[in-house]
Amino acid sequence: MHATFYPPRFLLIDCNNFFASCERIFRPDLEGKPVIVLSNNDGCVIARSNEAKALGIAMGEPFFRIKPFAEARHIAVFSSNFSLYRDISHRVMDTVESVVGREVEQYSIDECFVPLTPSLAANVADVAISLRETVRRHVNIPVSIGIGSTRTLAKLACYVAKKKVSGNVYDIGGDAGERERLFADIPVDEVWGIGRRKGKKLRMVGIRTVRDFVRSDEDWIKRFLTVTGYHTLMELRGIPLITDVVRGAEERKSIVVSRSFGEKIRSREELVKALSTFVSKACVQLRQSGLVAGDMTLYFESSRFGENVVRKEWQTRFMRPTNDTRTMVHEVIRGLSAVYEQGPRYARGGVLLCSLQREGEVCGNLLFLDREEEDARQKKLMRVLDAVNRKYTGNASLRYAVLGGRDAQWHMRQERLSGFGKEGWNNLPVAKCR
Ligand SMILES: [Mg+2]
């Protein structure tokens, strides 16, 4: 018997101006009006609605500088509310899963990939529209959707959907001529995994657009941008090489590591191990990207398909933004002591790191002036940890004992219940109509 070969296809769904859109849910009067969201302590702009973008407000702009302008133009200004954003994110992901009938790969607080099954792929245009409409109806968040034969192409398609297409859905499909014209029009920096730093490097040797990049020699790219650049190139040519979605962190505003547990967890100790493992992974991503995080949220919940869904969440803000595994694991233990509830069997959990910034750009804090030596030591330890783990399979050979054994039951991925039967609807927000 011959197995039928289905070319892989991926869909990326990305919430538009996510934080600003979250604020609008509770302020429908702000629809069509400029909205901005500020970072911790109302320091600078971290999200803008399209109307605010059109007024020329830049990302990262210090608020004090634009305050008079914001007042004059009646721009709605919000302090960031990560607990709200995480909750909305959860609802968006739930809704996407209920529509596609399978578990999604959450990539950041407001984006996820859906690897398409053959039946989803066959109706991908309808699936995309149904996703866009359902998320809008159930959570009231506008989204953009990109579709492609690799995750990198799906990401690029989403960029096109956002910038150039009405309806916010774009499929980088079969027509080679169209793709060529499209690629010639997009700066190479916009490619997932290229970003600003590699983009600058490429521009210096005359590679400016996606088309220039796709036409480059692959061996040369491997030398010039290492193997990750090579993977990006091949993905743009339609060959899927990226199997996890942890890359490109340097362009992100948040890092999420979240999973369904293979076997449900019923003790605090096991949960500490699982969430510590997640946060360790997130820390590796931070360090690889030269970033530190200012806020951490951990969460866990009983099965979404059960009767009474128990969902727990705990948040902390670091006195100094950090990427130190030890500090974060410590916080996980502290958080679980605070919110863990004995009884329910927990089916899923995760860690979200927000308020990311470049390691070198963290403002000093007078309270920590005497900590430089300790910091240097800790940094060295993390470098050794990462180097050892890279060398030996990269599978966390060296890790904190609190993470537990690699054979723990929760490591295994749970097969998701498929279809969206009536259980799935229970988790949608309840609308009260009058
Ligand atoms: Mg987004």
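## Nonpolar core

A nonpolar core is a set of buried Ala, Val, Leu, Ile, Met, Phe, Trp, Tyr and Cys residues joined through C-beta atoms within 7 Å. A residue counts as buried if 20 or more other C-beta atoms lie within 10 Å of its own, as exposed if 12 or fewer do, and as partly exposed in between, with C-beta atoms placed from the backbone. In the largest such core there are 98 residues, and L11, V96, I145, A157, V351 and L353 have the most contacts inside it. Helix α12 (residues 268-288) gives the most to this core, with 10 residues.

Leaving aside residues up to four places away in sequence, L11 touches V114, L116, V124, A128, I145, I147 and A154. Contact here means that the C-beta atoms of two residues, placed from the backbone, lie within 7 Å. In soluble globular proteins, nonpolar side chains tend to be buried together.

## Model and overall make-up

The model is predicted; local features need pLDDT of at least 70, side-chain atom pairs count only at pLDDT 80 or more, and totals for chains, interfaces and linings use all residues. Residues are numbered from 1 along each chain as its sequence is written.

The protein has 15 helices and 12 strands, taken as DSSP runs (H or I, at least four residues, for helices; E, at least two, for strands) numbered from the N terminus. Of the 434 residues, 38% are buried. Among contacts between residues at least 6 apart in sequence, 68% join residues at least 24 apart.

## Helices α1 and α4

The axes of α1 (residues 18-25) and α4 (residues 82-100) come within 10 Å and cross at roughly 90 degrees. Therefore α1 is roughly perpendicular to α4. Axes are lines fitted to C-alpha atoms, for helices over the stretch in contact, and angles run from 0 to 180 degrees between N-to-C directions. Angles of 65 to 115 degrees count as roughly perpendicular, under 35 as roughly parallel, over 145 as roughly antiparallel and the rest as oblique.

F18, F19, C22 and I25 in α1 meet L84, Y85 and I88 in α4. The residues of this contact divide into seven nonpolar, no polar and no charged. Nonpolar covers Ala, Val, Leu, Ile, Met, Phe, Trp, Tyr, Cys and Pro; Asp, Glu, Lys and Arg count as charged, and the others, Gly among them, as polar.

## Positive phi

Most residues other than glycine have a negative phi. H74, not a glycine, has a positive phi of about 55 degrees. H74 sits in the loop between α3 (63-72) and β4 (76-79) and is exposed, with 8 other C-beta atoms within 10 Å.

T226, also not a glycine, has a positive phi of about 65 degrees. T226 is found in helix α11 (residues 218-236) and is exposed, with 11 other C-beta atoms within 10 Å.
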